[in-house]
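Hello,

Here is the structure we talked about handing over. Please open it first, then read the notes below it.

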Amino acid sequence: MADGRNITKKIGALEFAVLSPSELRKMSATKVITADTYDDDGFPITMGLMDQRLSVIEPGLRCKTCGLKVGKDKCPGHFGHIDLAMPVVHVGFVKTIRNSLRATCRRCGRVLLPEKEAKRQRETILKNVADGRDNGYIFKSIISQATKLDACPRCANPVGKIDLDKPTSFRENGKKLTPTEIREWLEKIPDEDLELIDINVKAARPEWMILTVLPVPPVTVRPSVTLESGERSEDDLTHKLVDVIRINQRLQENRDAGAPQLIVEDLWELLQYHVTTYLDNQTSGIPPARHRSGRPLKTLAQRLKGKEGRFRSNLSGKRVNFSARTVISPDPNLSINDIGVPIEIARELTMPVHVTPANLEWCKQIVSQTAEGEKVPVYRPHVNYVKRYREGIEQRIKVSEKNAVETAEKLEVGYVIERQLMDGDIALFNRQPSLHRMSMMAHRVRVFPNRSFRFNLSDCPPYNADFDGDEMNLHILQSEEAKAEAEILMKVQENILSPRFGGVIIGGLHDHISGCFLLTYKDRKFNKEETSTLLSSFKYKGKMPEPDDNGMVFGRDIISVLLPKDITVEYKAKACFHCEACEAPNCPNGAYVIIKNGRLKQGIIDENSIGSFKGRIIERIIRDHGTTAGREFIDSVTRLGISVVTIVGFTTSIDDEDIPPEAKRQIEESLLKAQKKINSLVQAYENKELESLPGRSLEETLEMEIMRVTGRARDMAGEVASKYLGMNNSAVIMAKSGARGSMLNLSQMSGCVGQQAVRGERISRGYKYRTLPHFKKGDLGASAKGFVANSYKSGLNPTEYFFHSMGGREGLVDTAVRTSRSGYMQRRLVNALEDLKVESDGTVRHTGGEIIQFIYGEDGIDPSRSINGKPIDLDRIIYEVKQEG
Amino acid sequence: MATKKPEPKKKTAPKPKPAPKKAVPPPKAKPEQPKTKKTPEKPASKPVKPKSAASVKAAKELAKKKIEAPPVERKMIPRPEKEKEPAEYTDLRDDVKKILKDRFLPISIIDGIVEWILKDKKLHPKLKIIVEKALEDFTHNQIDPTEACGMVAAQSIGEPGTQMTMRTFHYAGVAEINVTLGLPRLIEIVDARSTPSTPMMNIYLRDEYRVNPDLAKEIANKIEITRLTDVADIEMDLVNITLTIKPNAKTMEKKSITLEEILDKVSNVKKVSAAKEKETIKVTLDDPGYKALQNINESLKNLKIKGIDGIKRVIIRKEPNEGYVIYSEGSNLKEVLDIDGVDPYRTTTNDIHAIARELGIEAARNMIIQEAFSTLSEQGLNVDMRHIMLVADVMSADGTVRAIGRHGVSGEKSSVLSRAAFEITVNHLLLASQRGESDTLNGVAENIIVGQPVNLGTGAIELVMSHKKQKQKGK
């Protein structure tokens, strides 16, 4: 861990190049000639694949090259090499080899361009490089020009036609080119011509792409596993290397013994196959090399590639220590900043504390506390480890119940203790998929019994969490800088305003909204006792709101207690009926909220006031009074809401959807009317009397018309139903206040479910000319095409149920497809935009320096500070100026 | 056809390109049609000073073109005139500017202030206070330096993706035309597909064409593609090896096509001679044969009589405050703009590449913004304009429309490691080694790979506190 003691160096740049055969030999620890790993005694064979000079994997053994062990001081591993009897082509470079062959002369090795032209091209390439432009088009044109030539412009040698046969073999004018020939050809290309075929002389020579030496990666790269039975199981790479060496040996023997050309060539090709699959086992055109079990081997390219490859799985993302994961559950009594951590987890995760003169006593006490062990009624943090540094070397002492007191006494300034979690520690909390930065926020730890993480319900929207078995992760920060940053930038309260649209995403939900609705709807009053219960729910310490003559307190005065004194807003509540003639300030339904100087004058407090995504009051409080005030408001108002709901009583059940027989009759009537209308439409269609809509066929017109009629029928049923479900119905209160559900849900439950659709059309597939065998062939009527006339409450008949399931299935498939598609889109977006930042001069640049925008967003405004997208809240400024007189 | 005359190829040069900052054409002088389609980016598109990188590049390119290509002869369509502002408006704005001196406020805010004051004259004496307050708020709401705005933009657009519908077809605005919406459309925009899956145009008309239904209909007929089988039946005579084209008078009239026009088109077909015979056209083959007859029959069926390639269907609608507007299924911006009566300043297509070709990269950028924004807001998702702008600017920064993904922006990154970590890992590594590339570790992905702090946000600050000095001060 970097704790200032060892300042780390910064990597300036990474350079990529091709290793030359001589370099390979130079860096090789040993030549590998034996196609075997261990001898009969289980000892690594010298010059075998597990040679101890290629580093070791067993703990305790020392590497024969550097003398280091695997454990602490870590031998980095050393490469060996295999001398290939005959050269083979490197699969990854076949395209470059092909281009090099096509673009150069076989005899003189020069690029097939006249001297002057070559010079000119070289200059353009240099210029392009200087300007940071792409040279691809030049290389392409050189090759395409060269292939059209008949003879080399320099030595007049005829130019052959080069073909690439699938993975690795080349033909010139139909005659096979052996790798040896290719290598000789490529060797002839002079350095100055290489830049014309996209090869950097400083990094590579084309002949190096024909392998004569194969590097053998260190043992640490391909460790063998010892199974329970004592058997050794080798890594895939080792298996493949065994194959390469074996064939290489046979090839050498045969060639040396003067075997027939045919046999040598066969073996040569086999060696090529093994080297190819060793490099990339998914090369198209050749069968992948398989394990004995039939599983394709994971060779070099497969190790790097894809989601499970080295890059994405081990380099871009890493497994970490000091983290925990468990099921989540809600806890309305916690602040939105808090996270309830189970004791078991708190005892395991630690935070480093540097022992200083100032905290020495405290540290000693906490170390000695460890002696009390698990058997204590209340949780107190213990210490798991004490670290001390002797001459820069870290020593870690495990603190146990037995040695706790003794260790505590020995504690000195400069030590570091690894203390268990305690209340108030800062930790990062995260839920996957982490789609935006609010998916990982900093919370304050509070240690609790039981085994789940708990947090305030209001934190659900940013994490997109629910409690149907979701699990979440907790990370404990290990440095002071990290803790400070998390505290300032990542705490939940700092993320109440979303950078996506500048509105709140943490606010009241469900019962909180129902509660506040009940509190403020229709001038509800509470007696003294109730009022004090409500006020105490958020530990109110001020003056009681003024009661009226009967000693009753208005609900709106109770909620006003939470509002800052200078807040003045007016807006429409969610409960707005969208009447045709809006009487805005004097809304008879109480849907116009007026807050003046921190007092709720009128209106209903609902989703538009305190809800997540909409809460106007929360937004205003945060903008004016900062995030702490905003957090306190959310904490209090949610508690108040719950308290109201418990005092007033709020429940919903199936009989909330009961409607009187009169209503049922009305619904039936309107459905019948719709039915008739559809029948007449079908009739008109069959008699060819239907007027088609412009640009639509008759069938399409009919479908569109029927969809309209069925849609209206459902709405009508809904209207009737909602007419009979009044505002004293809990389900309606939830829908109107925005707490949960919608009027559509309600009308489907009590009125009529409506038309079921698949791909936006009425259900039309199934049997020949009909959807189900229950209907006549060619029936175009409502019920035969998926109209569900029943309500959820009255129950669906079998055909309706079937159609409903079809619609439901489409929804499920849709979700499954959508998540993968949008996930990939987001990955691409992130990859394309991750390097952009706002510079100090206000420009947006790529980290490379390229300017993308001269002013961020054309006005330089931070979206999370913007007022609904606008840079400033002008209305408010004007209001303030007017107030000032 | 009049428009078919050998008209020189149109370049962007001769046409006065709308000023880059103006995504919304200014309201015209005529009172009965005050506003065009509401463009969502209106508030953000107003500021004068900011110009995207793309705009500057595009402007330069345009300037170059102007020099290179000599202006071609072409009818100039006058730009719609700007409505004259009342003098008090301009005066007030000057007052605000005087208060501002060299400090900057976006024009949208200045205009907002001016409007407020005109509404309530009592505020005028407090102008200075208002401007100062606005300025204070404006400065306060500025984005912080080193903010990873790209990352935030990507998340802000990507995250709501999960909440969007997959339903490909939907009826937007015009009930009769299918348009791809929701997530598939968003992906299409970000991918910069060469053609959208459901190309569509909104063709606005000029002057009298806009109000006269007959003239509008005429334009619609010029635009919509009409094939021979749409207006006539073809009969095959196997005995004489001839074809007889029997036009349908009713549809001909509807599409205002004459027999001569058909004859003209048919006789242009190769290896065929056509002759008028009363109300029909007789087609004889130059080289008679049954197989040839069949082939000719097939090609005649698809013969284009009238219209523009790619435009399958048009719908004329009367829009309030606007008059007649043509909506088309299929898109061909280049040729539609050439048609007399079409308003080139407002006509749009959802084919972004066509816009980039015909109107320039700046217009394409604006279209990306508009399309992405309307796709998102149609789904009821609220995403700040600035995020979308950033994506559009990244896509258009080098003067061409590049896709977000391995064939575009990501594939052209300078860092080897970043490219390797994204897609096609092995090829990138091999190519880098052959070219001897070096990765200077500027970006985010590279630094994460090597395990260093990234160059964004707090990681971009290199401030070190000396521990010792702090101690001494403390004492």
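**Domains of chain A**

Six stretches make up the domain division of chain A: domain 1 (94-208), domain 2 (235-318), domain 3 (323-495), domain 4 (510-648), domain 5 (654-813) and domain 6 (836-882). Keep in mind that this is a predicted model. Between the C-alpha centres of domain 2 of chain A and domain 6 of chain A the distance is 56 Å.

**Where chain A meets chain B**

Chain B puts 97 residues into the contact, and chain A puts in 86 residues. On the side of chain B that touches chain A, helix H6 (residues 149-158) of chain B gives the largest share, 10 residues. That side of chain B sorts into 54 nonpolar, 27 polar and 16 charged residues.

Strands also pair across the two chains. Strand S1 (residues 14-15) of chain A runs antiparallel to strand S13 (residues 438-439) of chain B, and 2 bridges join them. Within this pairing, Ser438(B) in S13(B) has Glu15(A) opposite.

**Helix H3 of chain A**

Helix H3 (residues 115-131) of chain A has 17 residues.

H3(A) is hardly covered: of its 17 residues, the buried count is 1. Gly132(A) follows H3(A), and the phi of Gly132(A) is positive, near 70°.

Best wishes

Technical notes: Residues numbered from 1 in each chain as written. Chains lettered and ligands numbered in written order. Predicted model: local features only at pLDDT ≥ 70, side-chain atom pairs only at ≥ 80, totals over all residues. Contact = placed C-beta atoms within 7 Å. Helix = DSSP H or I, 4+ residues; strand = E, 2+ residues; numbered from the N terminus. Nonpolar A, V, L, I, M, F, W, Y, C, P; charged D, E, K, R; others polar. Pairing = 2+ DSSP bridges. Expected span 1.5 Å × (residues − 1). Buried ≥ 20, exposed ≤ 12 C-beta atoms within 10 Å, placed from the backbone. Domains from an automatic or database assignment.
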